[in-house]
Amino acid sequence: MNRIFCPDCLIPLSGAFICPDCGGEIPQSGGIYIMTGDPTISAGNNGYNYIGFDTIASVYDDTRYGDDEVVENLGTVVAEHFPPGAVLLDLGAGTGIHTVNLANACSAVYACDISVNMLEKLVLKTSDKGLTNIIPVRANALDLPFPDNTFDAVIAIHLLHLIKNTDMVISEICRTLKPGGVFISTLIHFDNNPPSVSGRIDEIYERLGRQNHIGLIDSPGWSKEEIDPGLRKAFPSVKIVSDPRLNFTLPDHPARVWRQIADLTRSSQIDVDKKLHDRVMTELRDILTAEFGPDFLDTQSDRKLSIDLIVCKK
Ligand SMILES: C[S@@+](CC[C@H](N)C(=O)[O-])C[C@H]1O[C@@H](n2cnc3c(N)ncnc32)[C@H](O)[C@@H]1O
């Protein structure tokens with residue numbers, strides 16, 4: 001099943017993706033349905049502008065993941081909450097790391113993202129894996145181009161902290177979910193005891209960033225603490241699900257975390273003053289060298305990660 005809807009009048013389309021009602025054609029570019037223009041999503045709630053993901057799409061996979069076990073187990077546990085043959089909306093699908101992993105558990109997956117560059121990576125993964133039930137859509141989570149009660153399931157992985165009007169995103173998710181449909185997001189916990197190098201990079205960078213007011217720490221959307229109460233306001237049922245398959249002891253990747261920070265490719269790095277940034281990086285390097293030695297980026301250690309699912313029912 002490959003259903004898509006006219007973004008103007010929301011009539012279901014088939015085949016040519018031309019709306020039978022208004023005659024509007026959904027433009028396609030490189031296999032991506034373009035259902036939104038260039039909305040302003042950069043304004044943060046603390047006066048800083050946030051980068052879009054177009055600028056970091058080319059390094060996203062290398063600097064974020066790399067642990068197949070995490071992606072595989074997360075896919076398995078998440079899919080257990082879907083009804084058979086679900087029509088899924090993967091909101092903020094990005095480069096499709098989770099999308100391609102969940103496609104076989106679904107009849108169709110709408111992979112929506114605001115960033116065309118991220119979606120281009122998703123399209124490559126989709127065709128590499130020969131998946132035909134993924135529909136890449138450039139859409140804005142604040143104004144979804146789908147009718148009410150469309151999806152059996154919606155996921156938003158690493159998204160809710162990024163969008164300033166998170167309440168509006170949740171209201172769009174509720175609107176487009178079918179009654180009884182499920183919405184799943186994640187809560188990530190790193191255990192930094194004993195301290196891993198990348199855990200220390202994060203801690204010290206956050207402290208120095210705040211001291212120097214270089215505007216690289218806070219994200220515009222919900223904080224970790226705001227997610228649970230925010231969702232409870234919107235959904236009649238919200239459960240935090242901890243599953244032993246989502247507790248990991250992983251090799252630490254300090255070089256990857258360093259790259260995110262040093263190259264300013266972290267989602268929350270925006271409008272950073274380069275001079276201040278360079279000063280912070282020098283201080284950060286000095287502290288880590290004192291703690292772990294000059295080759296701190298090559299240190300081999302483990303880092304513990306656990307992921308909870310937040311499972312909401314409409
Ligand atoms: C941190 S990435 C997560 C990608 C993917 N879910 C993952 O876990 O790898 C967040 C994604 O959300 C997208 N995004 C940010 N604001 C958005 C919006 N208003 N509408 C749709 N997507 C948005 C970004 O472009 C980016 O690809």
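Two residues are taken to be in contact if their C-beta atoms, placed from the backbone, lie within 7 Å. This report applies that rule to a predicted model.

**Overall make-up**

The protein has nine helices and eleven strands. Of its 314 residues, 37% are buried. Among contacts with a separation of 6 or more, 75% are between residues 24 or more positions apart.

**Two helix pairs**

Helix α6 (residues 197-212) and helix α8 (residues 254-262) pack with their axes 8 Å apart, at an angle of about 25°. Angles under 35 degrees count as roughly parallel, and α6 and α8 are therefore roughly parallel to each other. The crossing of α6 past α8 is right-handed. On the α6 side the residues that meet α8 are Val197, Ser198, Ile201, Asp202 and Tyr205; on the α8 side they are Pro254, Val257, Trp258 and Ile261.

A second pair is formed by helix α5 (residues 166-176) and helix α7 (residues 224-234), whose axes come within 10 Å and cross at roughly 45°. That angle makes α5 oblique to α7. Here too the crossing is described as right-handed, with α5 passing α7. From α5, the contact involves Thr166, Asp167, Ile170, Ser171 and Cys174, and from α7 it involves Gly230, Leu231 and Ala234.

| Helix pair | Axis distance | Angle |
|---|---|---|
| α6 and α8 | 8 Å apart | about 25° |
| α5 and α7 | within 10 Å | roughly 45° |

**Helix α4**

Helix α4 covers residues 116-128; at 1.5 Å a residue, its 13 residues should span 18 Å, and its end C-alpha atoms are 18 Å apart, which agrees. Its buried residues are Met118, Leu119, Leu122 and Thr126. Seen down the axis of α4, these buried residues fall within an arc of 90°, so they line one face of the helix.

The buried residues of α4 pack against several elements, namely β4 (32-34), α1 (57-64), α3 (99-102), β6 (106-113) and β7 (134-138). On the face turned away from the buried side, α4 carries the exposed residues Ser127 and Asp128. After α4 comes Gly130, which has a positive phi near 65°.

**Val87 in strand β5**

Val87 belongs to strand β5 (residues 86-91). A residue is buried if 20 or more other C-beta atoms lie within 10 Å of its own; Val87 has 22, so Val87 is buried. Leaving aside neighbours within four places in sequence, Val87 is in contact with Cys106, Ser107, Ala108, Phe151 and Asp152. The C-alpha atoms of Val87 and Tyr110 are separated by 7.8 Å, although the two residues are 23 residues apart along the chain.

**Backbone features in loops**

Asn149 is not a glycine, yet its phi is positive, at about 55°. Asn149 sits in the loop between β7 and β8 (151-156), and with 13 other C-beta atoms within 10 Å it is partly exposed.

His158, also not a glycine, has a positive phi of about 55°. His158 lies in the loop between β8 and α5 and counts as partly exposed, with 15 C-beta neighbours inside 10 Å.

A cis peptide bond, with omega about 5°, joins Asn193 and Pro194. Pro194 is in the loop between β9 (177-191) and α6.

Note on methods
Residues are numbered from 1 along each chain as its sequence is written. This is a predicted model: local features need pLDDT of at least 70, side-chain atom pairs count only at pLDDT 80 or more; totals for chains, interfaces and linings use all residues. Helices (H or I, at least four residues) and strands (E, at least two) are DSSP runs, numbered from the N terminus. The expected span of a helix is 1.5 Å times one less than its number of residues. A residue is buried if 20 or more other C-beta atoms lie within 10 Å of its own, exposed if 12 or fewer, and partly exposed in between; C-beta atoms are placed from the backbone. The arc is that of the directions from the helix axis to the C-beta atoms. Axes are lines fitted to C-alpha atoms, for helices over the stretch in contact, and angles run from 0 to 180 degrees between N-to-C directions. Angles under 35 degrees count as roughly parallel, over 145 as roughly antiparallel, 65 to 115 as roughly perpendicular and the rest as oblique. A crossing is left-handed if the near helix is turned anticlockwise from the far one by less than a right angle, and right-handed if clockwise.
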